[in-house]
Amino acid sequence: QGPSSGRTMESPSSAVYLNVAHAAAYAAFGLLWLHAARLRRRSARALPAMLSDASRALGDSAPPLCVVLPVKGAHAQSAANWRAQCCSHGYAGPVSFLFVVQEEEDEAYSLVKQLQASGSLPTENVSVLVAGLAVGTSQKLHNLIHAVERIGEQSELVLMLDDDMLLAPGAVNLLAHELLSDPNALAASGFSCDAPGRWTVLAHAACVYRLILEISVAGGEGSHAWGGCCLMRRADLLESVPGGVMAHWKNRGYSDDWIITAVARKQRRRIANPPLLFLNLVDFRSPSQLYNFFHRQFFVLDTYPQPSPDEPRIQAHRLRLESYALASLMGLPRPPSPPPP
């Protein structure tokens with residue numbers, strides 16, 4: 001290239017550095033994901049025995065449990081899902097169910113009533129609550145708060161369950177066994193296994209975020225709560241607990257599970273993650289859906305537990321910032337090759 005062209009040759013050092021950084025990052029995460037896959041296969045083989053052992057360990061001493069299902073609307077599989085959740089849970093102790101909706105006009109409310117009237121759902125120990133419109137929290141969290149505050153004192157455990165999550169027989173027993181066997185455990189939680197529902201960049205980009213968390217969750221030591229299936233002691237959900245989950249939920253709460261995770265870390269308590277993964281097909285069809293997903297994950301930081309006066313604010317957001325940095329690193333474009341000499 002002649003000097004008269006007005007162009008200067010770029011140094012290849014920055015491009016080489018980025019190429020090496022990308023290669024090292026992909027190699028490291030690739031090895032970790034292979035290790036996680038090996039752990040999941042091992043857990044899958046051991047899961048039937050774990051479910052059986054947990055059921056035997058609980059036996060007749062399984063404490064009363066209340067299942068809270070925040071619902072909005074209904075779809076073709078709703079009736080079958082709710083029948084399976086209410087009638088095929090396999091829990092060893094007494095169980096009650098609280099469906100909670102925003103308003104009576106919600107079609108989920110009328111569907112539950114129809115299923116009860118036809119005998120498809122039991123009328124005893126299955127109730128539908130109307131929470132009303134949320135004011136200072138997210139609507140789902142408002143529904144959860146409304147239901148949890150109305151759980152009877154006889155229920156020792158509370159299972160927060162998405163209405164489309166199907167539990168394997170014995171799964172609730174395993175969660176209860178994991179929680180009750182460790183007095184320091186704040187919760188026992190399953191986890192979402194996100195997979196692209198279609199072969200698009202948008203769907204794959206959304207899955208990268210949870211892939212990072214799955215590395216630790218696959219080994220059972222992730223200590224992450226997931227709102228789709230999370231079991232807690234009712235005593236830990238009381239508003240009277242200083243700095244507890246309920247206090248943070250009501251303080252402009254947005255994400256039920258991230259708040260549980262943050263409270264557990266703050267109190268140095270464990271969240272058990274037994275090998276219960278729920279397949280979630282991610283099917284984002286537009287950039288706005290992907291933006292909304294990441295907006296909720298990363299940009300609503302102030303709705304998580306508020307830091308105490310002596311706690312640096314950056315410390316309160318450290319986990320989210322680390323997750324965002326790792327997800328961004330995996331999504332960086334490959335730098336252009338240096339121009340030929």
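Where is the place of Arg234? Select it in the loop between strand S7 (229–233) and helix H7 (245–250). Helices (H or I, at least four residues) and strands (E, at least two) are DSSP runs, numbered from the N terminus.

This is a predicted model: local features need pLDDT of at least 70, side-chain atom pairs count only at pLDDT 80 or more, and totals for chains, interfaces and linings use all residues. Residues are numbered from 1 along each chain as its sequence is written, and side-chain values use heavy atoms, without hydrogens and water.

Stay on Arg234. Arg234 is buried but has no salt bridge. Buried means under 20% relative accessible area, exposed over 50%, partly exposed in between (1.4 Å probe, protein chains only). A salt bridge puts a side-chain nitrogen of Lys or Arg within 4 Å of a carboxyl oxygen of Asp or Glu.

Next, select Lys140, Asp162 and Asp256, linked in a network of salt bridges. Lys140 meets Asp162 at 3.3 Å, N to O. Lys140 lies in helix H4 (residues 139–148) and Asp162 in the loop between strand S4 (157–161) and H5, so the pair ties together parts 22 residues apart in sequence. The closest N and O atoms of Lys140 and Asp256 are 3.8 Å apart. Asp256 sits in helix H8 (residues 256–266), 116 residues from Lys140. Asp256 is buried, at 7% relative accessibility; Lys140 is partly exposed, at 32%.

Finish on helix H5 (residues 171–180). Eight of its 10 residues are buried, including Asn173 and Glu178.

Notes. Lys, Arg positive; Asp, Glu negative; His and termini not counted.
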